[in-house]
Amino acid sequence: QVQLVESGGGLVQAGGSLRLSCTASGRTFSYYGIGWFRQAQGTEREFVAAISWSGGSSNYANSVKGRFTISRDNDKSTVYLQMNSLKPEDTAVYYCAAGLGTGITTTLRRYDNWGQGTQVTVFS
C-alpha cells in the first residue's frame with residue numbers, strides 16, 4: 001500500500017488559483033494511478049481528475065475541464081492539482097487517492113488508498 005498526504009488548501013477569492021499537492025510514501029509511487037476527488041458539505045464525494053502511472057493520460061470532470069490541471073512528478077512522489085478560475089461551487093474537501101491498475105478511472109471504489117483531505121474554500 002501507499003500513504004498519501006494532501007496539502008495546499010486554503011481560503012481564496014473567486015477567480016483566484018490554488019495548487020494542491022499529494023505526496024506519497026510506501027510502495028513505489030510510479031506504479032500507482034492517482035485520482036483527485038472532492039466532497040462539499042452535505043453532498044457525496046465526486047470525481048475531479050485522474051492521471052495514469054506514467055503521467056501520459058489524464059481525465060477531468062466536466063465541471064473542472066479547462067480550469068484544473070493534474071500532473072505528477074514521480075521522482076518527488078508527488079501529484080499536483082493546479083486549480084485556476086476558482087468558483088464558490090468548488091468549495092469542498094479535496095482528497096487524493098491511489099490504486100494499482102486504476103488507469104484514469106472516475107470510479108471511487110477502484111481506489112484503495114486515500115489521504116485525509118485538504119479544505120478549499122472559495123468566496124465571492
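A residue is called buried when its relative accessible area is under 20%. The model discussed here is predicted. By that cut-off, 5 of the 6 residues of S5 are buried, so the strand is mostly covered. Strand S5 spans residues 46-51.

S5 pairs with S4 in the antiparallel sense, over 5 bridges. One of the residues involved is Trp36, whose bridge partner in S5 is Ala49. The hairpin of S4 and S5 has 6 residues between the strands, and Gly42 in this hairpin takes a positive phi near 80 degrees. S5 also runs antiparallel to S6, to which it is joined by 3 bridges. Here Ile51 has Ser58 of S6 as its bridge partner. S5 and S6 likewise form a hairpin with 6 residues between them, and Gly55 in the turn has a positive phi of about 80 degrees.

## Asn59 in strand S6

Asn59 belongs to strand S6, which covers residues 58-60. Its relative accessibility is 23%, so Asn59 counts as partly exposed. With neighbours within four places in sequence left aside, Asn59 is in contact with Phe47, Val48, Ala49, Ala50, Ile104 and Thr106.

A polar atom of the Asn59 side chain lies 3.2 Å from the backbone oxygen of Ile104. The C-alpha atoms of Asn59 and Ile70 are 8.6 Å apart in space, and the two residues are 11 apart in sequence.

## The largest nonpolar core

Which residues touch the most other members of the largest nonpolar core? They are Trp36, Leu81, Met83 and Tyr94, out of 34 residues in that core. At least two residues of this core come from each of S1 (2-7), S3, S4 (32-39), S5, S7, S8, S9 and S11 (118-123). In soluble globular proteins, nonpolar side chains tend to be buried together.

## The disulfide

The model has 1 disulfide. Cys22 is joined to Cys96, with an S to S distance of 2.1 Å. The torsion about the S-S bond is about 70 degrees, so the disulfide is right-handed. Cys22 lies in strand S3 (residues 18-26) and Cys96 in strand S9 (residues 92-100), so the pair ties together parts that are 74 residues apart in sequence.

Are the two cysteines buried or exposed? Cys22 is buried, at a relative accessible area of 0%, and Cys96 is buried, also at 0%.

## Serines with positive phi

Two serines take a positive phi although neither is a glycine. For Ser77 the value is about 50 degrees, and this residue sits in the loop between strand S7 (68-73) and strand S8 (78-83).

Ser85 also has a phi of about 50 degrees and is located in the loop between S8 and S9. With a relative accessible area of 42%, Ser85 is partly exposed.

How values were computed:
Residues are numbered from 1 along each chain as its sequence is written. Side-chain values use heavy atoms; hydrogens and water are left out. Helices (H or I, at least four residues) and strands (E, at least two) are DSSP runs, numbered from the N terminus. Buried means under 20% relative accessible area, exposed over 50%, partly exposed in between (1.4 Å probe, protein chains only). Contact means heavy atoms within 4.5 Å. A polar contact is a pair of N or O atoms within 3.5 Å; within protein, one must be able to donate a hydrogen and the other to accept it, and residues adjacent in sequence count only if both atoms are side-chain atoms. A disulfide is a pair of cysteine sulfur atoms within 2.5 Å. A nonpolar core is a set of buried Ala, Val, Leu, Ile, Met, Phe, Trp, Tyr and Cys residues joined through side-chain atoms within 4.5 Å. Two strands pair if DSSP finds at least two bridges between them.
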